[in-house]
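Here are a few friendly notes to read alongside the model. Take a look at it before you start.

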Amino acid sequence: MFDDLDLKMMLLTATLFIILFWILDSILYKPLLTFMKNRDDGIREDEAKIQQNNTDASNNETLIAKIYADARAKAQAIKSEQVAIAKEKASKAIEEKKVSFDLEYQKFLSELEVKKTQFKNELRADLTQYENALKTSIEKI
């Protein structure tokens, strides 16, 4: 069964296999394994960064929500303050107009009183004419 077996050829083949394995190990396998290890380390680092980013994002969302709530409260306070100021200004303007209208009304009443007095005086002055005209009319009847 092993009649055609050549021991030198087997040793040469084994030696070539070992040399080829050593060359491939030093040229191809070790750099490939180093590359794969570095890649796995990089992936682990990226996963850790992603986890940290998720945590930071969650913290930032909480911070943003707090800032938004504070801003909304400040805006509401400013709005309330401005509404109060506007109401106060409107009240002052209404009060000023009311005073102005009261003054105009008093002026109108005093002018009306003067006209009433003048009209009464005119009627009293012309009273003798009216009496004479009435007497004349009665005499005609």
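The points below go from the overall outline to a group of aromatic rings.

1. Please keep in mind that this is a predicted model, where local features need pLDDT of at least 70, side-chain atom pairs count only at pLDDT 80 or more, and totals for chains, interfaces and linings use all residues. Residues are numbered from 1 along each chain as its sequence is written, and side-chain values use heavy atoms, with hydrogens and water left out.

2. The protein has two helices and zero strands; helices (H or I, at least four residues) and strands (E, at least two) are DSSP runs, numbered from the N terminus. Helix α1 covers residues 7-125.

3. The C-alpha atoms fill a box of roughly 185 × 30 × 25 Å along the principal axes. The radius of gyration is 58 Å, while a compact globule of 141 residues would have one near 14 Å; the value is taken over C-alpha atoms, and the globule rule is 2.2 Å times the number of residues to the power 0.38.

4. How much of the protein is buried? Of its 141 residues, 0% count as buried (buried means under 20% relative accessible area, exposed over 50%, partly exposed in between, with a 1.4 Å probe and protein chains only).

5. The structure holds two aromatic pairs. Rings of Phe, Tyr and Trp (its six-membered ring) pair if their centres lie within 6.5 Å; planes under 30 degrees apart count as stacked, over 60 as edge-to-face and the rest as tilted. Phe-17 and Phe-21 are stacked, at 6.5 Å centre to centre and 25 degrees between the planes. Both lie in helix α1, four residues apart, about one turn of the helix.

6. Phe-21 and Tyr-29 have ring centres 6.4 Å apart and planes at 45 degrees, so this pair is tilted. Phe-17, Phe-21 and Tyr-29 form one aromatic cluster. Phe-17 is exposed at 57% relative accessible area, whereas Phe-21 is partly exposed at 49% and Tyr-29 is partly exposed at 34%.
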